[in-house]
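Please look over the pockets, the cavity and the ligand site here. My numbered notes follow the structure.

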Amino acid sequence: MHSQLSQRIAVVTGGSSGIGLATVRLLLAEGAKVAFCGRDHDRLATAEQQLKQAFPQADLLALSCDVLNEEQVHHFAQQVQQHFGGVDVLINNAGQGFVAHFDDTPSERWLLEAQLKLFGVIYPVQAFMSALQASDIASITCVNSLLALQPEPHMIATSAARAALLNMTLTLAHELAPKNIRVNSILLGMVDSGQWRRRYAERSDPQQSWASWSSELAQRRGIPLGRLGQPEEAAQALLFLASPLAAFTTGAALDVSGGYNRHL
Ligand code: NDP
């Protein structure tokens, strides 16, 4: 894909694993300069090492930052500004889902889900806003979930928080359009990543392979394409929306669910 992001500066939150890591890799392959963050130092260092091996010439910045800590996010933005001198692309990816029905969801968890899905985007957008305003191709792209439009009872808090995020990003797209900052989302179904690998690690049959476990999961859920998505497939959708290839697209939510989408 010729994304026109060569030598441009991209920031990916939660870039040390899964979809975020695949996105950093794709951005580097496109010739972009990339900053990414995560909380766990070891995971961050491993990801950085892998990326430096694969892209020895890359201009890459890996920094520890919890997107729910406003101070840390502002410090992250300052370090990015100091190192690169600007930002063209912000990809809000950091996060995870919470599996529980209403009866099993304590009040603190409702708060945490709302905090993660909203402030995990609000703080980075605030922190990178002035840098984005100075870019001629500025974009903000959020990793969201199909749960935003198609809630699941076993993920009630995550579904509600995802819907709130989708709502907020649409308003943000309209508010930031006069500043020439595009705002879009991808709506994921199930993607092979750290989250699913952790659930696989807790499988009832330790002999079952990942291929068999994940294909059973896809069949059980009725994913029309019959499999989980790959992190690279989510990354490609993110790259498209984040890049000038989508220059006339803002306020959009691109479905990346293998056909799991059941609404019009
Ligand atoms: P992974 O667990 O593989 O990756 C999550 C990444 O986010 C890690 O780098 C993690 O690093 C980082 N992260 C998590 N919380 C924070 C935080 N508070 N501050 C900074 N970094 C954080 O999962 P995925 O790749 O699957 O998840 C990426 C996004 O996609 C998430 O928002 C997730 O909810 C969303 N999503 C994924 C789906 C799927 O099926 N995989 C489906 C729908 C949505 P660390 O833990 O070290 O901080």
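1. Start with the second largest pocket. Its lining residues divide into seven nonpolar, five polar and two charged. Here Ala, Val, Leu, Ile, Met, Phe, Trp, Tyr, Cys and Pro count as nonpolar, Asp, Glu, Lys and Arg as charged, and the others, Gly among them, as polar. The volume of this second largest pocket is about 160 Å³. Of the 14 residues that line it, Arg-227, Gly-229, Glu-233, Ser-257 and Gly-258 are the closest to its centre.

2. A word on the model and the terms. The model is predicted: local features need pLDDT of at least 70, side-chain atom pairs count only at pLDDT 80 or more, and totals for chains, interfaces and linings use all residues. Numbering runs from 1 along each chain as its sequence is written, and side-chain values use heavy atoms, with hydrogens and water left out. On a 1 Å grid over the protein atoms alone, a pocket is an open set of points with protein on both sides within 12 Å along at least five of seven lines; a cavity is a set where a 1.4 Å probe fits but cannot get out; lining residues have an atom within 4 Å of a point.

3. Which domains line the second largest pocket? Domain 1 (9–191 + 230–253) and domain 2 (193–228) each give at least three residues. The lining of the largest pocket also draws at least three residues from each of these domains. The bounds come from an automatic or database domain assignment.

4. Now the largest pocket. Its volume is about 1,000 Å³. It is lined by 46 residues, and Asn-93, Gly-95, Gln-96, Gly-97 and Gln-195 are the closest to its centre. By class, the lining has 17 nonpolar, 19 polar and ten charged residues.

5. Which helix or strand gives the largest share of that lining? It is α6, with five residues. Elements that each supply at least two residues include α1 (18–29), β2 (33–38) and α6 (194–201). Helices (H or I, at least four residues) and strands (E, at least two) are DSSP runs, numbered from the N terminus.

6. The whole structure has one cavity of 30 Å³ or more. About 100 Å³ of space lies in the largest cavity. Its lining has 14 residues, with Ala-94, Leu-116, Val-121, Val-143 and Arg-162 nearest the centre. α4 gives the most, with four residues. By class, the lining has six nonpolar, six polar and two charged residues.

7. A polar side-chain atom of Arg-162 lies 2.8 Å from a ligand oxygen atom. For a polar side-chain atom of Gln-195, the distance to an oxygen atom of the ligand is 3.1 Å. The protein covers 94% of the 880 Å² of accessible area that the ligand has on its own (Shrake-Rupley method, 1.4 Å probe).

Terms used
Points joined across faces, edges and corners; volume = space filled by probe spheres on them. Polar contact = N/O pair within 3.5 Å; in protein donor to acceptor, adjacent residues only side chain to side chain.
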